[in-house]
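Let's walk through this structure together, from its core out to a few individual residues. Please keep the sequence and the model open as you read.

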Amino acid sequence: MNEYPLVKFYFEVDWGGTQIGFQEVSGLDIEVEPIEYRQGASPDFTKIKMPGMTKFSNITLKRGSFAGDNEYFDWFNSIQLNTVERRTITISLLNEEGTPAITWKINKAFPIKVQSTDLKAEGNEVAVESIEIAHEGLVIENN
């Protein structure tokens, strides 16, 4: 076992597009919604709680804007009524050797929001675009 925890800035994303590094990944959350229940003849005046449906947060990927790169918009524009190109996305937190230590596998992902960079005449930052992704499942593998 390592003496130190993993650093969060050494990661890679395989999103089915060009291998461009991402600046930020957020929304890797899994939540179980509790169900509250009480039968009418219960002598306890409290509800019991049991696990219910699993809920996944939307995932946001942020990266620098590059001239001529329209992959976010092309994927977003693949939405036609009830059809969309769904992808499997793999996000890996890497160890010191560059091999995956923790992997998040996102199933049946599709874009729901694309956000271009804000523009500021007096700014001194890199242009960053983001894409928000909905999905139908998240599996975490701690290697």
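Predicted model: local features only at pLDDT ≥ 70, side-chain atom pairs only at ≥ 80, totals over all residues.

Residues are numbered from 1 along each chain as its sequence is written, and side-chain values use heavy atoms, with hydrogens and water left out.

Let's begin inside. In soluble globular proteins, nonpolar side chains tend to be buried together. Here the largest nonpolar core has 17 residues; such a core is a set of buried Ala, Val, Leu, Ile, Met, Phe, Trp, Tyr and Cys residues joined through side-chain atoms within 4.5 Å. Those with the most contacts inside this core include Leu61, Trp104 and Ile133. Two or more residues each come from strand 5 (59–64), helix 1 (71–76), strand 6 (87–94), strand 7 and strand 8 (128–134). Helices (H or I, at least four residues) and strands (E, at least two) are DSSP runs, numbered from the N terminus. Strand 7 gives the largest share of the core, 4 residues. Leu61 itself touches, among others beyond four places in sequence, Val13, Phe22, Tyr72 and Ile133, where contact means heavy atoms within 4.5 Å.

Staying with strand 7 (residues 100–115), you will find Thr103 there. Is Thr103 buried or exposed? Thr103 counts as buried because its relative accessibility is 6%, and buried means under 20% relative accessible area, exposed over 50%, partly exposed in between (1.4 Å probe, protein chains only). Leaving aside neighbours within four places in sequence, its contacts include Thr90, Ile91 and Val139.

Next, look at Asp14 in strand 1 (residues 11–14). Asp14 counts as partly exposed, at 40% relative accessibility. Its side chain reaches the backbone nitrogen of Gly16 at 3.4 Å.

Glu85 sits in the loop between helix 1 and strand 6 and is partly exposed, with a relative accessible area of 38%. The side chain of Glu85 makes a polar contact with the side chain of Arg87 (2.9 Å); a polar contact is a pair of N or O atoms within 3.5 Å, and within protein one must be able to donate a hydrogen and the other to accept it, with residues adjacent in sequence counting only if both atoms are side-chain atoms.
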